[in-house]
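Subject: Structure handover

Hello,

Here is the structure, with notes on what turned up in it. Please have it open as you read.

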Amino acid sequence: MDKFTEHISLCDLFQYFVDTVTDAQDICPRKGGVVQPEIEDDTEDCVHRLNMDGRSPILLVCEHASSFIPEEFHNLGLRPEELQSHAVWDPGAFDVAARMSYLLDAKLLAGTVSRLVYDCNRPPDASDAMPAQSERILVPGNRDLTEDAKAARVTAFYDPFRTTLAQTIAAMDHPVLVTIHSFTPVYDGQKRSVEIGVLHDQDSRLADAMLSCGDWMEGLRVMRNAPYGPADGVMHTLREHGISGGHPNVMIEIRNDLIAGGAAQDTMARTLAGWVVSAITTIGVGQGGA
Ligand SMILES: [Zn+2]
């Protein structure tokens, strides 16, 4: 019998991870967003779904995966050099999340448009759901948006993402929500020394467990709720889809200079995958604890 069919034992999951990582010599010939040809990769309703048959209790989410701005928005008036900046998306985050999806056999849901079109980690009433400025970058296409224009973006981009996420979680037995983000090494002229942020809101079970896994953090400058935390309005997905259902959850922020190429993304994905699994085993997920 398949070891995942009845009830997922985290010991089995960990062994599965170890086996997979050991066997995986080439986890990511990434072309056009596809990590492995055998992994189902599907985009519809503006939601990118990867490995939706994945059997892990972990659901990976990458809200800021894409820099794509649909033609109708005329690049939101951004200058050419701004179109691939961290204001537009989280560089490298999807590449790491997709590799983790493969390593963990975990489902991954990712956004398909720039967070400047709609930030899927914000509720529609947030002032920065469609920001007119991000760091020092002005976003002319978001200035003076009418209520109708805002509502149209919510309907087109946020609602499908939220619904898909909610339905996916609802169909899982003991879901663990892990969101993957990246941040810029220099913000507003300030250098950031933190390399990995482990972020949480009032449910800190998984973050606490991760921050207790010393071995996995070796050589990395890891901080709790940095460079962002609950006061920055970044907890929407965790609150809406993790905390509300009592599911363990964590948001992982990776400094984007550490995941600038395929080899670095491989290394980070292996580290985070093993780290998250180690942390989950300590909080009893799948054994009645969640
Ligand atoms: Zn992000």
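**Strand 7 and its neighbours**

Strand 3 and strand 7 pair in parallel, over four bridges. Two strands count as paired if DSSP finds at least two bridges between them. Strands (E, at least two residues) and helices (H or I, at least four residues) are DSSP runs, numbered from the N terminus. Val61 has Thr179 in strand 7 as its bridge partner.

A word on the source. This is a predicted model: local features need pLDDT of at least 70, side-chain atom pairs count only at pLDDT 80 or more, and totals for chains, interfaces and linings use all residues. Residues are numbered from 1 along each chain as its sequence is written.

Strand 7 also runs parallel to strand 12 (residues 249-255), joined by seven bridges. Here Ser182 has Ile254 in strand 12 as its bridge partner.

How many residues of strand 7 are buried? Eight of the eight (residues 176-183), so strand 7 is largely enclosed by the rest of the structure. Buried means that 20 or more other C-beta atoms, placed from the backbone, lie within 10 Å of the residue's own. Val176, Val178, Ile180 and Ser182 point one way. Leu177, Thr179, His181 and Phe183 point the other way. In a regular strand the side chains alternate between the two faces of the sheet.

**Core**

The largest nonpolar core has 71 residues. Such a core is a set of buried Ala, Val, Leu, Ile, Met, Phe, Trp, Tyr and Cys residues joined through C-beta atoms within 7 Å. Leu60, Cys62, Val96, Ala97, Met100 and Val276 touch the most other members. Leaving out residues up to four places away in sequence, Ala97 touches Leu60, Cys62, Leu108, Ala110 and Ile180. Touching, or contact, means C-beta atoms, placed from the backbone, within 7 Å.

**Helix 3**

Helix 3 (residues 147-170) has a kink of about 40 degrees, centred on Thr155. The bend is the angle between axes fitted to the seven residues ending at a residue and the seven starting there. Its buried residues are Phe157, Tyr158, Phe161, Leu165 and Ile169. They pack against strand 2 (47-50), strand 3 (58-62), strand 4 (107-111) and helix 6 (236-242).

**Whole chain and confidence**

The protein chain has seven helices and 12 strands. Of its 290 residues, 43% count as buried. Mean pLDDT (the predictor's confidence in each residue, from 0 to 100) is 87, and 84% of residues reach 70 or more. pLDDT stays under 50 over residues 1-12 and over residues 21-37. Where pLDDT is low, the predicted coordinates should not be read in detail.

Best wishes

Key
Buried ≥ 20, exposed ≤ 12 C-beta atoms within 10 Å, placed from the backbone. Contact = placed C-beta atoms within 7 Å.
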